[in-house]
Amino acid sequence: MKSQKEGYLYVLPCLVVLLVVLGFPILFVVWAGFNDVSATLQFAWKGLGNYARVLRDRSFLVALWNTIVFSVSSVAFHLLIGIILALLLNRKFWGRKLLRTVVLIPWMLAYVVGAITWRWMANGSYGILNEVLFRIGVIRDYVPWLGQPSTAMPMVILANIWKQVPFVMLMLLAGLQAIPVEQYEAAHLDGANAWTEFWKITLPNVRRVVLITMTLDFIWSFKQFDLVYVMTGGGPGISTEVLSTIVYRQYFSAMQFGVGSATAVLLTAVVLVLSYLYILLMGKSKVSDEVY
Amino acid sequence: MKSISLPSVKRELVKGLLMLLLVAMALAMLFPVLWILSTALKSRADTFAVPPRLLPKTITVESFVTIWKVQPFIRYFANSALVALTTCLVNLAIANLAAYGFSRFRMRGGMSLLLGILLTQMIPGVLFVLPFFMVMGRLHLVNGLLPLIIAHTSFALPFCTWMLTGYYDTIPKALDESATIDGCNRNQVLSKILLPLSLPGNTATLIFGFLLSWNEFLFALTLNTSQLRYTFPVGIALLVGEYRVEWNQIMAASLIGSLPAIVLYTLVDKHLIKGMVAGSIK
């Protein structure tokens, strides 16, 4: 192949942009995490002091728990609903493309739009959710969904489920469509029914896609900011705070730049570990193996 | 006369039920969007009707008219458009160059580099917010749109580079070679052969970059404290924070601001999906 030096030249602009624009901030924040940083950017070395403080801080622990609950619930329901939708869309019928595009719409919208819409739908006095649930008899009275800690987080999770299910569905659908038809035909000849086909052929074949999608979905849920910030701002109290919003609060409400940086580093560390897992799952072979 | 066998009737029934289930689920997914539309078409009194009504009592487009007066939304959309357009164009240029390098040159550590680039896509935005804010403040660039463009470009770059590299990989290297034999140098191979052939991939890259920027919230919120520089997401989010919230107007604004996303995504549907699932299906 061609000399490798020239390749670096073409890749250079990309690398320079990323190193300067993203690389420097990473170093800055990591350094800040070890310091007491005043509002005027005076640094005072604190070693692991910030980290010790953060890991004992109640709001951090609450946010950590919320983030885990948020992510696990989101991924679980995404998979459940996503696989059903993918299976239903995996058959040829008139209007299939249209339905698939319709289902995809929540994913196309900005998180902010989704957050605002759900905030309005979950409104305690004028929300349509209350009215619908009341009419069908699920609730006896209007519920202030976002106004009380016990129901706020579930509502935020519900919004996230709605928002990202299309993506999971899409990945699973692609996985389903990659299964060779011959496997089904052979099984059919052997007298297998639909249930057996599902367990013995469908599931094993999509295992890899499921794992990859789950990991990606978990990472995105774990670092989610927009949805929570716009829908509840972390409230009521700190009942819906997640790690990203806690960092933001530490930075811009409390002006605790050092502590905020430490939290941000912790969050990023978790995400990077998960991302590495994601990359391992994707396999080491170059993208070029993929034939469209 | 042909007799209808019982198993085939049962099969048709099951198929019908499954279709029903699918349509029901699709409607459930669509409901919030329909609710946006319904609220946008309501009058103020209707919006706050007790109990809330599914459909407007009388359809009115007053929200779509008043929203521009209530807040400088024209300004917001213009800002969003400016940032998004610049972002996607700059992104396109850099990503294509990088993709050419990754696809056509065997570099030591090339794969690791590409993966490393992809990894930066995973880092939470909040990690970058503080240094960005500080540096831009120092450089007196806060409340200009340039910092936002820089931020958005670096957010879109990793995925677009990766997606385009995959796309370039599908173009046979034999074409490169025949072009070189015909006397093309490296840059001409890129511009005359690869770019035209990767038009679908590049369209997807363009649109992805545009929409990432258009919908971006965290940095748009943090880097611009002057209302004149708000982008669309910030504009509607801050509307909600006000004391008297005119939900019909917010929904109208949301609808308008979501149109680019819906239109553009539908256009590149196929290619974006290919880019996304590439590498995860083997």
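Start by selecting A:Glu6, which in this predicted model is partly exposed, because its relative accessible area of 30% lies between the 20% under which a residue is buried and the 50% over which it is exposed. The residue is found in helix H1 of chain A, the run that spans residues 4–33. With residues up to four places away in sequence left out, A:Glu6 touches B:Phe105 and B:Arg186, and displaying these two partners brings the other chain into view. For a sense of scale within chain A, draw a distance between the C-alpha atoms of A:Glu6 and A:Ser221, which are separated by 39 Å and stand 215 residues apart along the chain.

Next, colour the two chains separately and select the interface. Here 104 residues of chain B are in contact with 99 residues of chain A, and the area buried between the two chains is about 9,600 Å², with carbon and sulfur atoms giving 79% of it. On the chain B side, pick out B:Met29, B:Met122 and B:Leu127, which together supply 8% of the area that chain B buries against chain A, more than any other three residues. Then highlight helix H1 of chain B, residues 6–40, which gives the most to the side that touches chain A, with 17 residues. Coloured by class, that side of chain B shows 73 nonpolar, 18 polar and 13 charged residues.

Finish at B:Asn248, which is placed in helix H13 of chain B, residues 247–277. Is this residue buried or exposed? B:Asn248 counts as buried, because its relative accessibility is 3%, where the cut-off for buried is under 20%. Beyond residues up to four places away in sequence, the contacts of B:Asn248 include B:Thr39, B:Ala40, B:Lys42, B:Ser43, B:Arg44 and B:Thr47, together with B:Glu62 and B:Ser63.

How values were computed. Residues numbered from 1 in each chain as written. Chains lettered and ligands numbered in written order. Predicted model: local features only at pLDDT ≥ 70, side-chain atom pairs only at ≥ 80, totals over all residues. Heavy atoms only, no water. Helix = DSSP H or I, 4+ residues; strand = E, 2+ residues; numbered from the N terminus. Buried < 20%, exposed > 50% of the residue type's maximum accessible area, 1.4 Å probe, protein only. Contact = heavy atoms within 4.5 Å. Buried area = accessible area lost by both parts, 1.4 Å probe. Nonpolar A, V, L, I, M, F, W, Y, C, P; charged D, E, K, R; others polar.
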